[in-house]
There are 2 protein chains.
Amino acid sequence: MPKSPAPRFSFINKVSASNKIPRQINRNLIFNQIRTRQPISRADLARVSGLQRSTVSLIVEDLLRERWIVEGSMGRLPRGRRPTFLNLNGQRSVLALDIHPSQTTLAVMDLSGKLLSHNLIVLPEDPQKVIAAIVDAIGKMIAANSDRSFDGIGMSVPGRFGLQLKESNLGKSIFAPNISWPIGQIKSRVEEATGLPVVVDNVANACALSEVWFGESDGMHDLVMVSVSEGIGTGIFANGRIVRGEGGFAGEFGHVQLDPNGLPCSCGSRGCWETVASNRAGMRYYAEIANKPSPAFEVLLGLAAAGDPAGKESIEKMCIALGRGLHMIATALAPTEIVVVGDITPLWHLVGPLIEAEMRRRPLVKVPRLRPAHEGNKARLRSAVALVMNENLL
Amino acid sequence: MPKSPAPRFSFINKVSASNKIPRQINRNLIFNQIRTRQPISRADLARVSGLQRSTVSLIVEDLLRERWIVEGSMGRLPRGRRPTFLNLNGQRSVLALDIHPSQTTLAVMDLSGKLLSHNLIVLPEDPQKVIAAIVDAIGKMIAANSDRSFDGIGMSVPGRFGLQLKESNLGKSIFAPNISWPIGQIKSRVEEATGLPVVVDNVANACALSEVWFGESDGMHDLVMVSVSEGIGTGIFANGRIVRGEGGFAGEFGHVQLDPNGLPCSCGSRGCWETVASNRAGMRYYAEIANKPSPAFEVLLGLAAAGDPAGKESIEKMCIALGRGLHMIATALAPTEIVVVGDITPLWHLVGPLIEAEMRRRPLVKVPRLRPAHEGNKARLRSAVALVMNENLL
DNA sequence: CCCTGTTAATATGACAGATGAACTAACCAT
DNA sequence: ATGGTTAGTTCATCTGTCATATTAACAGGG
């Protein structure tokens with residue numbers, strides 16, 4: 001990375017900067033390069049970052065001392081001294097909890113987002129017992145991995161939490177219409193029980209971060225992550241950060257009213273985008289078309305993939321509604337790419353073209369790249385790692 | 001400003017930071033404090049910025065040497081040495097050009113956004129002669145103010161320009177459906193003619209910046225600026241910067257399709273928000289209701305203010321449509337505040353409540369503050385100053 | 001008129017951190 | 001062995017902030 005585009009910090013800032021700031025920034029840079037390019041030598045880090053080899057060595061020394069990274073094998077070059085490869089410390093790991101109305105998963109992942117083990121958590125019927133069950137499952141998972149060291153617990157949840165300046169979470173759910181148990185207490189309860197720092201964030205925000213941390217996006221461009229499940233949530237990544245908005249409530253494109261005469265929505269409004277484009281909408285379409293109750297969404301997807309006419313038509317209707325919403329997002333934010341995560345992503349070869357065609361049917365000054373989340377099935381889990389790293393690493 | 005909320009630079013960055021970065025940031029901070037609090041002493045700057053007095057003195061020395069600021073009178077305190085007040089250098093000024101489909105204004109402003117003189121520019125009919133007329137007017141304005149020194153020319157235009165990493169402009173208009181002359185060449189033509197740096201930006205972006213630089217907003221919160229004129233443009237300020245999106249096309253909420261069966265729009269789509277909520281829409285409503293051609297929008301506003309039934313009804317319809325769009329923005333981005341700029345702002349006591357009521361008629365997790373632009377009539381001009389400062393000052 | 005207290009502003013040395021050049025280490029090919 | 005090459009470290013220098021000391025400038029009181 002040549003240093004040509006000199007960094008500009010010309011935003012209006014209210015806090016003064018000390019001379020530790022450059023180290024903070026450069027350390028971040030170096031760590032991220034190790035993360036994304038490991039194994040990599042100090043010399044290559046210097047080349048890639050634009051920093052001097054001496055500076056890189058100092059930063060690497062810090063990261064080694066704090067055990068974020070480890071020295072690995074030595075490389076072999078046609079000429080010259082052999083480089084020492086650096087890797088993320090594989091022993092450090094993160095607990096990832098993906099809370100989902102229909103299915104909650106707990107996993108152990110390492111800092112590079114590799115899935116080490118995972119379990120479905122069966123949540124009890126009684127809303128008051130859900131958190132206890134989660135705490136219990138987490139305890140067992142930690143016990144079963146006593147050889148590893150955990151840096152924290154990341155949770156992606158379908159709802160918006162109040163956030164403060166620091167990107168950490170107040171732990172108080174304010175807007176989670178698709179969850180029926182008292183999710184607001186989960187942060188404090190789990191922190192109390194495990195002693196580990198817990199970072200909670202909205203699924204879509206977390207997946208957006210995940211895409212930037214682990215995916216093909218490089219953090220330099222704008223990205224909107226659209227999470228399609230029971231409802232629709234979006235995470236907006238712009239200018240190198242998640243756009244959180246006042247109280248952390250940015251990204252509720254799902255509750256933009258597209259049709260004033262539309263169906264009532266769980267949020268209390270009617271005709272919201274998610275009433276026509278979510279999994280629930282797909283199932284409703286099926287029920288209307290086939291004139292019988294819809295099966296679970298995964299099953300419905302299977303029907304559509306197998307060529308069942310009612311199944312196909314209902315998924316198509318859903319895709320058209322999705323496309324219209326994506327046009328809204330593309331028009332409003334002109335992101336470089338829009339990434340979709342949800343149950344439909346495994347069937348992207350079917351739904352992707354439909355969604356994209358509908359998005360492009362209207363004029364669009366700049367057409368964003370549209371794609372499913374990188375490794376969609378792990379995206380929500382891995383986003384939890386991104387959350388913890390984003391919060392705790394620096 | 002106590003240093004308590006330690007600045008976090010934990011975004012994913014690709015450029016390394018040198019140890020000149022803190023100075024850059026602190027210099028910015030000090031300059032902005034002088035700008036917003038002038039006259040102010042070094043001691044107060046230290047208190048207000050959290051920096052040491054010695055550091056402040058060094059930075060002030062730089063700013064004085066570069067003539068950004070000047071030493072003014074001395075203060076008087078009940079006890080102790082008298083402070084030396086610092087002020088922006090009143091001699092430095094900026095040319096501000098507000099290009100507007102119906103009216104183009106050229107002004108001289110100082111760095112604090114004070115309007116020193118201004119002129120309407122009458123644009124010739126022939127599209128090919130417009131830029132020459134503008135260049136001519138600028139030349140005359142500079143000649144008439146030969147005692148002043150100009151730092152640059154800021155232009156706010158109703159359109160989106162291609163932008164690059166540096167927030168400067170490529171000078172090539174790509175999307176300006178409401179301008180009929182070749183605006184894309186304006187930057188290079190004017191730079192060539194005057195030798196001054198020219199910064200061009202979308203009206204809404206510029207006004208958003210202006211609000212942050214000169215208004216009551218402190219740059220710490222998110223803000224969406226909605227510019228209502230022939231069309232509707234929005235400028236999104238989040239995480240301390242304008243959200244520009246790929247190619248600089250973010251903010252086209254005006255072209256989100258709210259009604260698939262709506263009227264055709266200048267962008268080629270139909271049922272865009274701006275087809276129902278812009279000045280043009282207001283005039284169309286009047287023509288429909290009164291069954292006669294609408295007068296110019298300013299006149300229509302006057303009718304409404306004077307109590308003319310058709311005038312009132314048409315403006316009301318426009319306000320309702322505006323409110324619906326603001327609900328969309330509030331839902332999507334949850335900004336701390338939404339600021340409106342345009343011809344309607346002088347009548348805010350009439351239209352404001354209507355717009356806000358409609359915005360709040362639907363559920364909203366977080367209701368943004370809604371207000372007209374600070375000194376709405378000067379907002380577009382002053383935004384040009386913000387553009388130049390944002391671009392050239394540091 | 002000269003202390004004393006108080007506040008403003010500058011000077012100075014210590015510390016953090018990036019830089020670049022010099023240096024050492026390790027390897028290969030001849 | 002030797003020279004060439006690449007990796008990584010050491011060190012002096014520079015920029016910049018910070019804390020403290022010092023000087024400057026004022027008011028009020030004896």
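**The surface near DNA**

Guide: By class, the surface near DNA strand D holds six nonpolar, 14 polar and nine charged residues. Ala, Val, Leu, Ile, Met, Phe, Trp, Tyr, Cys and Pro count as nonpolar, Asp, Glu, Lys and Arg as charged, and the others, Gly among them, as polar. This is a predicted model, in which local features need pLDDT of at least 70 and side-chain atom pairs count only at pLDDT 80 or more, while totals for chains, interfaces and linings use all residues. Residues are numbered from 1 along each chain as its sequence is written, and chains are lettered from A and ligands numbered from 1 in the order in which they are written.

Visitor: Which residues come nearest to DNA strand D?

Guide: A residue is near a strand if its C-beta atom, placed from the backbone, lies within 6 Å of it. Of the 29 residues around DNA strand D, the nearest are A:Ser54, A:Ser57, A:Gly80, A:Arg81 and B:Arg81.

Visitor: Which are the closest residues to DNA strand C?

Guide: A:Arg81, B:Ser54, B:Ser57, B:Gly80 and B:Arg81 are the closest of the 29 that surround DNA strand C.

Visitor: How many residues of chain B are in contact with chain A?

Guide: Two residues are in contact if their C-beta atoms, placed from the backbone, lie within 7 Å. Here 68 residues of chain B are in contact with 68 residues of chain A. The chain B side has 33 nonpolar, 25 polar and 10 charged residues.
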